[in-house]
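Subject: Structure for your review

Dear colleague,

Please find below the structure that I am handing over to you. My findings follow it, and I would ask you to read them with the structure open.

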Amino acid sequence: MRHSNISIFVPHVGCPNKCSFCNQHTISGSQKAPSAQEVRSICTQALGEIKNPENAEIAFFGGSFTAIPRGYMLELLGTAHEFIGEGKFHGIRISTRPDCIDIEILEILKKYGVTSIELGAQSMNDEVLRLNDRGHTARDIFNASLLIREYGFELGLQMMIGLYGSTPETENETMQKILEIKPDTVRIYPVVILEHTRLAELLKSGEYKPFDFDYVVEFSAECLMTFEKNNIKVIKCGLHASEFVENDKIGGFYHPAFRELCESIIYRNKISEIIRPDIRQYTLKVNDKCISKALGQKKSNVEFFRKKGTEIKFIPDKDIPAYEVFWR
Ligand code: SF4
């Protein structure tokens, strides 16, 4: 059964940090923190509309949920909790910083029906974390992940590709360390440089020279495939499309269908491994749900190989795993 989220944005409230990439007001598209009453009406409406609420979570996203003023946090949790239980939603999902997790907070979250915690890890390299003013270390991410797991929450990690000071080596280090932690879910966010952030200043001054777009797509594709193969569900790849982001971005790696770009690259690389110079036509088997990913956007993969003199077509086969291609 498909999982869904009732997303409620709690923008930037109380966050003492100013990470190099963050302009929460732009990302959430709203500067106003929701009141308990607003949360109640969002949940009431969603409960009336969603078919299988037992598969849905009320998701507080946008800032560092466990760092917002305590009274306000409890108000939001208390209201959301009214909508958890039989015939209602499955639980509550929150996102926060790794250094804003401790035993006391986890006890509170448990009591109010929180089921999933996502940590903004961003990088697992201390120097990259420092250069981007994250204010925590990779060790904090390990420790918080461990605690979250011990308390029985679903653990999610968010990573950012292409931060200031990162290199292909530090990107790879982040992927490997996330594999080590083995969260339940991952969100892969290639950096989008927004106006009114420190990254924007660094970009304008020429100090920050982002990677090539193609490298970021290739590496994101590698992360996507590697995580999925290790049973870590990638619930997001690319910042979600919104007019706020589209209006405020001045650089970085944004594409409204970023995940599809990555999936098409995964299939292109797989097909390249099969193709031999002496054979000009291939009929390849791919998972029946992945035909359009294998074809690529606007059949870009078919065109790519046709230009090299090879014709490919696909047949669906439900027994072939996702991201695999079989020949014969
Ligand atoms: S901790 Fe989160 S909300 Fe605070 S500045 Fe950093 S990214 Fe933004």
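I begin with a pair of strands towards the end of the chain. Strand 10 (residues 281-286) pairs with strand 12 in the antiparallel sense, over two bridges. Within this pairing, lysine 285 has phenylalanine 326 of strand 12 opposite it. Please keep in mind throughout that this is a predicted model.

These strands belong to an open sheet of three strands with mixed pairing, in the order 11-10-12. Strand 11 (311-316) and strand 12 (326-327) are its edge strands, as each pairs on one side only.

The overall picture is as follows. The secondary structure of the protein consists of 13 helices and twelve strands. Along the principal axes, the C-alpha atoms fill a box of roughly 70 × 50 × 35 Å. The radius of gyration is 21 Å, which agrees with the value near 20 Å that a compact globule of 328 residues would have. Of the 328 residues, 43% are buried. Among contacts with a separation of 6 or more, 79% are between residues 24 or more positions apart.

The protein is divided into two parts, domain 1 (4-256) and domain 2 (270-327). Their centres, taken over C-alpha atoms, are separated by 34 Å.

In soluble globular proteins, nonpolar side chains tend to be buried together.

Strand 5 pairs in the parallel sense with strand 4 (residues 114-122), over six bridges. In this pairing, glutamine 122 stands opposite methionine 159 of strand 5. Strand 5 also runs parallel to strand 6 (residues 185-190), to which six bridges join it. There, glycine 156 has threonine 185 of strand 6 as its bridge partner. The chain passes from strand 5 through helix 7 (residues 168-181) to strand 6, and this β-α-β crossover is right-handed.

Lysine 182 is found in the loop between helix 7 and strand 6. Why is lysine 182 classed as partly exposed? A residue is buried with 20 or more other C-beta atoms within 10 Å and exposed with 12 or fewer. Lysine 182 has 14 within 10 Å, and is therefore partly exposed. Lysine 182 and valine 192 are ten residues apart in sequence, while their C-alpha atoms are 26 Å apart in space.

Yours sincerely,
A colleague

Key
Residues numbered from 1 in each chain as written. Predicted model: local features only at pLDDT ≥ 70, side-chain atom pairs only at ≥ 80, totals over all residues. Domains from an automatic or database assignment. Pairing = 2+ DSSP bridges. Helix = DSSP H or I, 4+ residues; strand = E, 2+ residues; numbered from the N terminus. Right-handed = clockwise from strand over helix to strand, strands pointing away. Rg over C-alpha atoms; globule rule 2.2 N^0.38 Å. Contact = placed C-beta atoms within 7 Å.
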